[in-house]
Amino acid sequence: MEKSIENIWKEGFLKSDALVAPKINDLYNKKSIHIIDKFKRMFRINLIAIVVFSFAFLIVSYFVGIPLTGAIFFVTLTVLVVINKSLLNGLERIDKGENSYQYLKEFDQWIKKQVAVNKRISKVLYPVIFMSLILGFWFKDAEGIALGERLLSEVLNRFPDMHLIYGIPLIGIVVLILVLGLLAFFGGRIYQWDLNIVYGRVFKKLEELMTDLESLNT
Amino acid sequence: MSSDFYNTFILPFAGIIIKLCRAYTNSQEDFEDYYQEVCLQIWRSKDNFREQSEWSTWVYRISLNVCLTLLKKKKNNRQHFVSDSLPTEETEDNYAFSDESLDLLYMAIRKLSEIDRAIIMLYLEEKSYQEIADIIGTNPNNIGVRVQRIKTRLKKILDGKIN
């Protein structure tokens with residue numbers, strides 16, 4: 001090698017094509033599409049995970065003796081997946097050819113709609129899941145009779161003057177209604193908390209990108 | 001990013017940004033992505049510039065950090081999504097300058113470790129050992145020895161290829 005590295009470097013960059021700066025363009029578009037694609041991928045995986053879990057739980061619940069819980073879980077989660085799949089289809093319709101800001105805006109609106117729908121669903125979903133557990137264990141076979149009836153007869157043996165409504169202790173009904181009420185009240189918040197754990201980082205990136213674009217527009 | 005900012009604060013240093021980005025990429029498409037990302041990061045970080053160092057040093061530092069971050073991301077993505085059987089040779093050159101010797105030198109530089117690439121680029125840009133140490137965040141005493149070692153390695157790689 002005759003030329004020194006320093007000379008190759010200096011002489012090489014004297015030629016005109018070596019230092020042509022590329023134009024700044026399209027980066028935000030690429031970033032927006034990347035973030036949204038990532039979200040779609042995560043959302044799809046999440047839906048598949050719910051389907052797999054509801055199937056697995058249905059089978060397990062049969063062997064554990066609480067098939068009613070498994071069936072309610074399965075039906076409820078299937079409805080949840082169907083609703084969210086149709087929401088996801090709406091996301092696919094957002095035009096990637098739009099400018100970055102418009103694309104992100106539409107995605108942001110989609111997210112808001114999706115969160116609002118799921119918050120409403122959660123107000124019903126969590127109480128239904130809780131109720132399915134109560135019913136599942138109540139009707140679970142315990143040596144020939146339902147576990148709930150067996151438990152009830154033991155309670156009545158101890159407290160014979162307990163007030164009953166349709167054969168169920170009033171205190172039990174009150175506690176049940178209270179828990180269901182709390183779950184319905186906090187359902188939306190539980191969903192939001194769950195959402196932030198799974199998608200928090202994507203939402204943060206999305207917010208940063210939108211802030212950047214907004215500052216570029218001003 | 002306004003064109004004023006770009007013309008005043010980035011364009012005068014575009015040369016080193018281009019040179020650095022070329023050392024960490026092996027296709028025109030990647031090079032353009034890296035370049036744009038570096039420019040955006042410089043613009044985003046402009047408020048953090050404290051004038052404790054030169055603006056050019058600041059630009060070098062950001063360029064280098066962005067290139068290293070993007071390279072790391074690319075490697076992670078490749079590990080996640082690409083089968084081991086596909087080619088992963090980092091030094092394969094998919095774009096070329098009109099100067100053959102410079103092409104070969106770049107190919108040799110791409111064979112170096114990520115930090116060695118940065119050191120030799122800054123050395124070739126005639127930065128002092130102190131400046132290189134400031135940009136990389138290391139001890140200036142070790143830079144001289146390291147530069148000599150890198151040059152020997154580059155000469156070995158290029159031996160017989162450049163007349």
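Predicted model: local features only at pLDDT ≥ 70, side-chain atom pairs only at ≥ 80, totals over all residues.
Chain A comprises 218 residues, of which 13% are buried. Its secondary structure consists of 6 helices and 4 strands. From the N terminus on, these elements follow the order α-α-α-α-β-β-α-β-β-α. When contacts in chain A between residues at least 6 apart in sequence are considered, 70% of them link residues at least 24 apart.

Chain B has 163 residues, and 28% of these count as buried. Its secondary structure amounts to 8 helices and 0 strands, and the pattern along the sequence is accordingly written α-α-α-α-α-α-α-α. For contacts in chain B between residues at least 6 apart in sequence, the share that joins residues at least 24 apart is 63%.

The nonpolar cores were considered next. The largest nonpolar core contains 39 residues. Within this core, the residues with the most contacts are L20(B), C21(B), V38(B), L105(B), I119(B) and L122(B). At least two core residues come from each of several helices, including helix 1 (5–12) of chain A. In chain B, the helices that each supply at least two residues are helix 2 (14–24), helix 3 (28–45), helix 4 (55–81), helix 5 (100–110), helix 6 (114–124), helix 7 (129–136) and helix 8 (140–158). A second, separate core has 5 residues, among them I36(A), Y103(A), F107(A) and L206(A). In soluble globular proteins, nonpolar side chains tend to be buried together.

The surroundings of C21(B) illustrate the contacts of one core residue. With neighbours within four places in sequence set aside, C21(B) is in contact with F31(B), Y34(B), Y35(B), V38(B) and C67(B).

Two helix pairs of chain B were then described. Helix 2 of chain B packs against helix 3 of chain B at an angle of about 135°, and their axes are 9 Å apart. Angles from 65 to 115 degrees count as roughly perpendicular and those over 145 as roughly antiparallel; helix 2 and helix 3 of chain B are therefore oblique to each other. The crossing of helix 2 of chain B past helix 3 of chain B is right-handed. On the side of helix 2 of chain B, the contact is made by I17(B), I18(B), C21(B), R22(B) and Y24(B). These residues meet F31(B), Y34(B), Y35(B) and V38(B) in helix 3 of chain B. By residue class, the contact between helix 2 and helix 3 of chain B has 8 nonpolar residues, no polar residues and 1 charged residue.

In the other pair, helix 6 and helix 8 of chain B pack at an angle of about 95°, with 10 Å between their axes. Helix 6 and helix 8 of chain B are therefore roughly perpendicular to each other. Helix 6 of chain B contributes D116(B), I119(B), I120(B) and Y123(B) to the contact, whereas helix 8 of chain B contributes I143(B), R146(B), V147(B) and I150(B). The residues of this contact divide into 6 nonpolar, no polar and 2 charged.

Helix 6 of chain B is mostly covered, with 8 of its 11 residues buried. The buried residues are R117(B), A118(B), I119(B), I120(B), M121(B), L122(B), Y123(B) and L124(B). I119(B) and L122(B) also belong to the residues with the most contacts inside the largest nonpolar core.

M107(B) lies in helix 5 of chain B. Because 17 other C-beta atoms fall within 10 Å, M107(B) is partly exposed. M107(B) and L154(B) are 47 residues apart along the chain, and their C-alpha atoms are separated by 9.8 Å.

Most residues other than glycine have a negative phi. E126(B), which is not a glycine, has a positive phi of about 65°. E126(B) counts as exposed because it has 10 C-beta neighbours inside 10 Å.

In chain A, Y166(A) has a positive phi near 50° and is likewise a residue other than glycine. Y166(A) is placed in the loop between strand 3 (164–165) and strand 4 (168–169) of chain A. With 5 other C-beta atoms within 10 Å, Y166(A) is exposed.

Terms used: Residues numbered from 1 in each chain as written. Chains lettered and ligands numbered in written order. Core = buried A, V, L, I, M, F, W, Y, C linked by C-beta atoms within 7 Å. Buried ≥ 20, exposed ≤ 12 C-beta atoms within 10 Å, placed from the backbone. Contact = placed C-beta atoms within 7 Å. Axes fitted to C-alpha atoms, helices over the stretch in contact; angles between N-to-C directions. Parallel < 35°, antiparallel > 145°, perpendicular 65-115°, else oblique. Left-handed = near helix turned anticlockwise from the far one by under 90°. Nonpolar A, V, L, I, M, F, W, Y, C, P; charged D, E, K, R; others polar.
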